[in-house]
Protein chains: 2
Amino acid sequence: MDQVKQYIEANKERFLDELFELLRIPSISAQSEHKPDMQRCAEWLAAALVKAGADRAEVMPTEGNPVVYAEKIIDPKAKTVLVYGHYDVMPVDPREEWRTEPFEPVVKDGRIWGRGADDDKGQLYMHAKAFEAMCATDSLPCNVKFMLEGEEEIGSPSLYGFCAKNKKLLKADIILVSDTSMISMQQPSITCGLRGLAYMEVEVTGPNKDLHSGLFGGAVANPANVLARLVNQLVDETGRITIPGFYDKVRELTPAERKAFNKAPFCMRKYKQALEIGAVEGEEGYTTLERTGVRPSLDVNGIWGGYIGEGTKTVIPSKATAKISMRLVPNQNHKEIAKLFEKHFKAIAPKSVKVVVKSLHGGQPYVAPTDMPAYKAAEKAIKETFGKKPLPFYSGGSIPIISGFESILGIKSLLIGFGLSEDAIHSPNESYGLNQFYKGIDTIPYFYKYFAE
Amino acid sequence: MDQVKQYIEANKERFLDELFELLRIPSISAQSEHKPDMQRCAEWLAAALVKAGADRAEVMPTEGNPVVYAEKIIDPKAKTVLVYGHYDVMPVDPREEWRTEPFEPVVKDGRIWGRGADDDKGQLYMHAKAFEAMCATDSLPCNVKFMLEGEEEIGSPSLYGFCAKNKKLLKADIILVSDTSMISMQQPSITCGLRGLAYMEVEVTGPNKDLHSGLFGGAVANPANVLARLVNQLVDETGRITIPGFYDKVRELTPAERKAFNKAPFCMRKYKQALEIGAVEGEEGYTTLERTGVRPSLDVNGIWGGYIGEGTKTVIPSKATAKISMRLVPNQNHKEIAKLFEKHFKAIAPKSVKVVVKSLHGGQPYVAPTDMPAYKAAEKAIKETFGKKPLPFYSGGSIPIISGFESILGIKSLLIGFGLSEDAIHSPNESYGLNQFYKGIDTIPYFYKYFAE
């Protein structure tokens with residue numbers, strides 16, 4: 001391992017320069033104008049993996065954005081690790097809140113600033129470079145495959161089919177994923193739970209055109225007011241989601257589990273201070289850790305209708321729209337929840353409006369067993385580089401494809417992410433600590449070592 | 001009057017060409033980038049009024065957009081009519097819903113299509129052309145003054161000061177305004193009531209940055225959800241506005257007044273059909289005519305927050321904003337109502353968010369007496385050209401400056417508008433019937449005749 005360490009140390013600067021090249025490609029999967037950037041990004045990664053030591057790397061077409069597949073097979077009988085990551089990134093709005101150019105990364109205050117710095121380009125590139133270090137020093141102890149997709153931020157619509165078609169190619173003992181966060185650099189953790197997601201869009205239409213709010217105000221249902229009313233009805237005063245059947249399959253933790261769960265370090269004062277909020281808000285009877293870790297939630301991710309420009313316009317909009325997503329927990333099923341949502345939303349809409357409900361994407365919740373060999377290997381690897389045993393952690397986030405891997409490929413995933421909550425993923429001014437990036441590259445070879453043993 | 005009629009008939013085409021020139025100027029007062037268009041529009045109108053026969057016309061600066069003042073004094077001892085109109089227009093969003101270019105007017109199906117075709121360029125230009133016809137035929141029976149402002153659609157902020165400064169210049173017996181609608185071409189009407197307006201903007205801020213809705217969803221107040229909740233709380237299930245004190249000064253009609261009021265022709269089936277709505281919605285216990293004519297209302301005119309682009313983004317927005325306006329009736333005071341709104345909105349906001357409430361503009365409600373000479377003259381003039389006596393009508397709209405005219409200048413206004421509800425003012429595809437335009441030009445000289453008698 002000393003050789004690996006030395007190699008990493010000697011090539012640190014170059015690793016960062018390469019990551020910057022990757023970050024400069026604006027591979028936003030949600031926006032169709034970036035289609036060419038997706039292809040370009042995939043080709044860049046395939047070339048980078050060959051240079052890093054892969055025997056072969058391919059940009060494989062799908063119905064959507066391509067998947068980068070690469071592999072190095074040292075011995076068909078050895079264990080195989082399948083590294084999963086995603087090269088697509090979130091949109092950058094609100095653009096004006098960025099202090100630097102989102103696709104012109106810079107290092108400042110010991111951090112890399114730019115869209116994708118953490119999620120997930122920074123994290124996936126740690127794997128490419130750890131792999132390079134092991135290849136270059138001839139110390140790779142098992143087979144490695146890479147599967148890097150370009151649609152994670154829109155729910156991986158093509159990857160399910162890709163996995164189903166390429167089961168043999170993707171055969172592995174474990175899927176290794178760095179697309180999550182740790183509690184802190186002082187308290188490392190391994191994510192063993194992810195929430196699922198059901199992402200909906202609702203459109204409320206009132207009159208067939210925008211109306212003058214003086215001539216019609218008070219007599220005609222205003223779709224923006226009605227949308228506010230309907231959104232408000234989705235969650236009651238105690239923070240419970242009101243959709244009938246929504247909680248039917250939610251697994252309640254036992255008192256002992258809840259006690260253990262709440263042992264993760266958490267400081268309410270610091271939490272509120274970091275977000276600059278006067279109070280938290282959520283489902284009554286649960287702690288903040290529980291609310292994000294093991295309880296479902298419902299959030300408006302976007303809402304718009306009527307005149308949103310400068311000044312005033314006295315208008316009753318013809319329609320108002322909201323993007324609403326729900327985070328799900330075991331054993332909720334995102335397809336069932338999407339249907340329950342649609343049924344309920346339509347049922348509570350008044351006759352004065354028409355509503356259209358669309359399901360934009362979804363994913364199942366996931367729980368990783370803490371007793372599998374890969375988990376144990378990761379625990380040892382992290383202890384080696386962080387000097388402290390990692391805690392199991394339930395993240396509130398979702399990586400919908402993870403449960404898909406299990407059901408389609410029959411392979412468990414290990415979620416060994418090096419992100420931190422301050423990385424502001426999905427937000428303006430996303431960043432990734434240089435120490436996180438390099439600590440990740442240092443840790444990954446240990447994982448291979450212990451996993452292969 | 002025969003000469004006047006002949007003159008109008010002979011010059012019809014040119015009148016329309018000139019109106020088109022006026023409509024091509026994108027004089028949107030709400031958007032600061034159109035500042036130069038406001039000046040250009042004012043200069044165009046001043047020149048047009050001189051050509052029409054005014055002794056003098058001036059573009060008079062104000063703190064905001066200029067006022068066009070023009071006059072023709074035939075005899076200092078004769079009666080004086082002050083024509084008021086506004087050359088500014090509403091924004092054009094949603095731009096994509098226009099079937100023609102908003103600032104490239106066209107005639108189709110007997111109607112003029114374009115922003116301002118009715119509100120208020122089409123209507124004010126009828127006055128310019130009726131004035132021209134009377135001047136050209138030497139049949140103007142009284143003095144005429146014009147005051148055309150460029151800020152009506154943003155609440156006439158500068159016109160109050162302009163009136164206060166120019167009381168002598170603006171001295172008149174009546175203010176003549178065409179900026180309202182009639183019931184229909186078959187049932188003409190004169191507007192004798194206008195609602196007031198209090199236009200607010202509220203901004204709800206939660207966390208100090210956009211957050212990942214997975215990592216934080218369920219634990220942190222989402223400002224878009226909170227905004228929906230607060231907006232919803234402003235109106236109860238019976239359609240009553242919940243702001244404490246809101247109805248204190250509302251004058252309730254007597255049963256006899258209500259009976260008379262509801263005599264105006266109204267067909268619910270046609271009303272719903274024209275708007276393509278399944279049901280109307282409003283304050284319980286009142287008819288649709290009452291809801292827009294004599295009852296106050298509260299509408300969201302615009303709402304936005306979070307990701308409103310294509311596809312999905314799993315974000316808890318840092319802030320969400322709404323433009324909310326209230327239509328007011330006698331004897332509500334828009335300044336008092338704005339204060340009550342602000343106080344109430346802040347009071348109902350939870351500790352988990354910060355709110356900012358701004359008052360964007362306002363105006364007092366207005367009632368025109370139906371027994372004043374100008375009303376009687378208008379009644380006779382309309383009967384002359386429409387063949388039917390006009391009904392008094394309470395419009396739900398607001399022209400905030402009208403009550404200002406009375407309080408500052410001590411002059412009543414006569415609201416003789418030739419608009420129709422199908423003109424879609426403030427909406428995409430605004431239009432104005434050629435018959436409305438020409439019938440207006442025909443009617444106005446009769447008003448002068450009977451008013452001067």
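Ala, Val, Leu, Ile, Met, Phe, Trp, Tyr, Cys and Pro are counted here as nonpolar, Asp, Glu, Lys and Arg as charged, and the others, Gly among them, as polar. On this basis, the lining of the second largest pocket in the predicted model comprises 18 nonpolar, 12 polar and six charged residues. The volume of this pocket is about 1100 Å³. Its lining numbers 36 residues, and those closest to the pocket centre are A:F216, B:I183, B:Y271, B:S421 and B:E422. Elements of both chains supply at least two lining residues each: α5 (213-216) of chain A on one side, and β5 (111-113), α8 (268-275), α9 (288-293) and β16 (391-394) of chain B on the other. Helix α8(B) provides the largest share of the lining of the second largest pocket, with four residues.

Five cavities of 30 Å³ or more are counted in the model. The largest cavity holds about 250 Å³ of space. Its lining is made up of 24 residues, and A:H212, B:E152, B:S398, B:I399 and B:H426 are nearest the centre of the cavity. By class, the residues lining the largest cavity are seven nonpolar, 11 polar and six charged.

The relation between the two chains was then considered. Two copies of a chain are related by a rotation about an axis and a shift along it. The same surface serves both copies, as 100% of the contact residues of chain A recur in chain B.

Within chain B, the packing of two helices was described. Helix α2 (residues 35-52) of chain B packs against helix α3 (residues 121-136) of chain B at an angle of about 25 degrees, and the axes of these helices are 9 Å apart. Because angles under 35 degrees count as roughly parallel, α2(B) is roughly parallel to α3(B). The residues of α2(B) in this contact are B:C41, B:W44, B:L45, B:A48, B:L49 and B:A52, which meet B:K121, B:L124, B:Y125, B:A128, B:F131, B:E132 and B:C135 of α3(B). The contact of α2(B) with α3(B) contains 11 nonpolar and two charged residues, and no polar ones.

Several features of the backbone were noted in loops. In chain A, A:P330 and A:N331 are joined by a cis peptide bond, with omega of about 5 degrees. A:N331 is located in the loop between β13 (319-328) and α10 (334-348) of chain A. In chain B, a cis peptide bond with omega of about -5 degrees joins B:D119 and B:D120. The loop that holds B:D120 runs between β5 and α3 of chain B. A:N429, a residue other than glycine, has a positive phi, near 60 degrees. The position of A:N429 is in the loop between β17 (413-415) and β18 (431-433) of chain A.

Technical notes
Residues are numbered from 1 along each chain as its sequence is written. Chains are lettered from A and ligands numbered from 1 in the order in which they are written. This is a predicted model: local features need pLDDT of at least 70, side-chain atom pairs count only at pLDDT 80 or more; totals for chains, interfaces and linings use all residues. Side-chain values use heavy atoms; hydrogens and water are left out. Contact means heavy atoms within 4.5 Å. Axes are lines fitted to C-alpha atoms, for helices over the stretch in contact, and angles run from 0 to 180 degrees between N-to-C directions. Angles under 35 degrees count as roughly parallel, over 145 as roughly antiparallel, 65 to 115 as roughly perpendicular and the rest as oblique. On a 1 Å grid over the protein atoms alone, a cavity is a set of points where a 1.4 Å probe fits but cannot get out, and a pocket is an open set with protein on both sides within 12 Å along at least five of seven lines; lining residues have an atom within 4 Å of a point. Grid points are joined across faces, edges and corners, and a volume is the space filled by probe spheres set on the points.
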